[in-house]
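Hi everyone, thanks for making time.

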Amino acid sequence: MVLEATMICIDNSEWMRNGDYSPTRFQAQADAVSLICGAKTQSNPENTVGILTMAGKGIRVLATPTSDLGKILSCMHGLEMGGEMNLAAGILIAQLALKHRQNKNQQQRIIVFAGSPIKHEKKALEIIGKKLKKNSVALDIVDFGEEEDGKPEKLEALLGSVNNNDTSHIVHVRPSQNALSDVLISTPVFTGDGEGGSSFAAAAAAAAAAGGSVSDFDFGVDPNIDPELALALRVSMEEERARQEAAAKRAAEEASGQEKGEEAQPQSDSQNATSTATEKVSDPMDEDDLLKQAVALSMNIPGSDSSAGDAQMSEATNDDQEFALALQMSMQDGSKDSSAPSDVSKVLGDQSFMSSILSSLPGVDPNDPNVKDLLASLPGQSESQQKKDEDEQPKDDK
Amino acid sequence: MACTHDHSCEDHDCSSNWSLYKHIDLSKVTALNEANPGSVKSVFKAWEERLNSSGEHLESNEGDPELLVYIPFTSDVKIKSISVVGGADGTSPSKLRVFINRDGIDFSDAQSMQPVQEWDLVENLQGVLEYQTRYSKFQSVANITLHFPESFGGDTTQIHYIGFKGEATQLKRDVVATIVYEITPNPSDHKTRAETGGLSHVE
């Protein structure tokens, strides 16, 4: 939420007619610019953005820094391509425009789209960079479009002389399936310094991806439609990975430690049950080991260690993305703001819930004694019920 | 005057004269061309600590000894004199130009504008020298900008301490911060002197 005045320098030279970024380089650039404007004004309502073009007849300032998004977007219409880009002059004029910003408390930033070959020498660019650094202006460079020998080096040199404490960034974008704006969304150009993905960026990513290109959301959930869910899924996946490593280490020690005979039997039964429950078994050996560890955890630490309980669930569902999704979604619905881990173990311990989950999985018969075994062994329900089920087992066993 | 007299300073409290640092709005102090962002705040301290260089100090970027320091005060102050302690080996600033009550000055402005006053500094490593101001021009200072254009030959400029001697008024130069607007007047707020105790009535 840093208060910032930004000047965006657009390249509208002849090189922008090329179609290697769809639909044309210029259009991709324009989309990226409008997304950046939106992101900046949304992250702090007092932010201002201005635009200037670097090619054409000369440097032209289309909009001085303003917070009026409509004005900025409208001045992007009807831009003509032509001429050669003048990077040095563009940056200097952007700096001048920022100098005369109305709110002197705003940090100054210039975003440059460098799509055509750069005719300046490295030395000249470094001098410009030093001047920007001296006046504490940050610079973001988007290197796209024309690939020329020495262009990345020149731009990196420019960045090096401007950069003060990592406030300036450079992004090299190669032509690909993804639109320029999609690539930029995940970069610091959009997200700012150390802020992490902004909600606008996630929403913009969704909107852009909805256009038909392959969306690479981690969970198949559109953050635009349900941002809370997407966030929860992402967070729990990360937690799961972290706990997995910790728990796997712990479980390995414990699994080797516990040697009880009667626990070996239900353990292998439940192991079979959960192995049949999880359909996609990429590597059976790893699956069984993981499950063994997972169940060992649940055996040894029934319900008390909530983090282990959480890990158990996550391990068991490691290879089954859909199962993980289903569990997380139902937990998300069930307990919004209560402390997740304790609820998770409670939910896992709820037999009716677990049986409904398992019944929804193809290939698992809830009346299978093995499955009943697994359910009975779950923590959360009282120990007496567990014993009762174990007593009933010999009767139910066919 | 400066403590160059040969008795020790316990007789009169020199430090109380240099107490304007308490009226500096430290959160809004900025500097241009500083090597470590934020290090400028470390140069404003008590008189006794002016030679204490164990903490941070303000240093300009490598190869460029120019520095610009913007200092806003929490209330209007009158500045009688300024003291600057620089660094050793030619890293002390050699000139000082000040601008009053202008914000948003950058290097090109500073170089082209006429300063309110400028001084040629000498190396003041003991912090005993002070530079007097033309007091009439420094009567109500809400913010001051110090421009150090060059050093004594060093690659960078280092500043360990900046002190201001003067007095603080209770006035603030800019817009009133809290204004209470009345939608409907409350008669009890508008009792005239003659009527306290009786029925109040709004004129």
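So, which ring does the charged end of B:Arg50 sit over? That would be the ring of B:Trp47, with the charged end 3.8 Å from its centre. By "over a ring" I mean that NZ of Lys or CZ of Arg is within 6 Å of the ring centre and within 35 degrees of the ring normal.

Quick housekeeping. This is a predicted model, where local features need pLDDT of at least 70 and side-chain atom pairs count only at pLDDT 80 or more, while totals for chains, interfaces and linings use all residues. Residues are numbered from 1 along each chain as written, chains are lettered from A and ligands numbered from 1 in written order, and side-chain values use heavy atoms, with hydrogens and water left out.

There's another charge over a ring: A:Lys134 lies over the face of B:Phe107, 4.5 Å from the ring centre.

Now the aromatic pairs. Rings of Phe, Tyr and Trp (its six-membered ring) pair if their centres lie within 6.5 Å; planes under 30 degrees apart are stacked, over 60 edge-to-face, and the rest tilted. Over all chains, the count is five aromatic pairs. One of them brings us back to B:Trp47: its ring and that of B:Tyr161 have centres 6.3 Å apart and planes at 65°, so they're edge-to-face. That pair links distant parts of the chain, 114 residues apart: B:Trp47 is in the loop between β1 (30-32) and β2 (58-59) of chain B, and B:Tyr161 is in strand β8 (residues 158-168). Strands here are DSSP runs of E, at least two residues, and helices are runs of H or I, at least four, numbered from the N terminus.

Are these two buried or exposed? B:Trp47 is at 7% relative accessibility, so it counts as buried, and B:Tyr161 is buried too, at 0%. Buried means under 20% relative accessible area, exposed over 50%, partly exposed in between, using a 1.4 Å probe and protein chains only.

Strand β8 of chain B also holds B:Phe164, which pairs with B:Phe73 in strand β3 (residues 67-86), 91 residues away.

Over in chain A, A:Tyr21, A:Phe113 and A:Phe144 form one aromatic cluster. A:Phe113 also touches A:Ile36 (contact means heavy atoms within 4.5 Å), as do others including A:Ile8 and A:Val189. A:Ile36 sits in helix α1 (residues 25-43) and is buried at 1%.

Key: Lists of a residue's contacts leave out its neighbours within four places in sequence.
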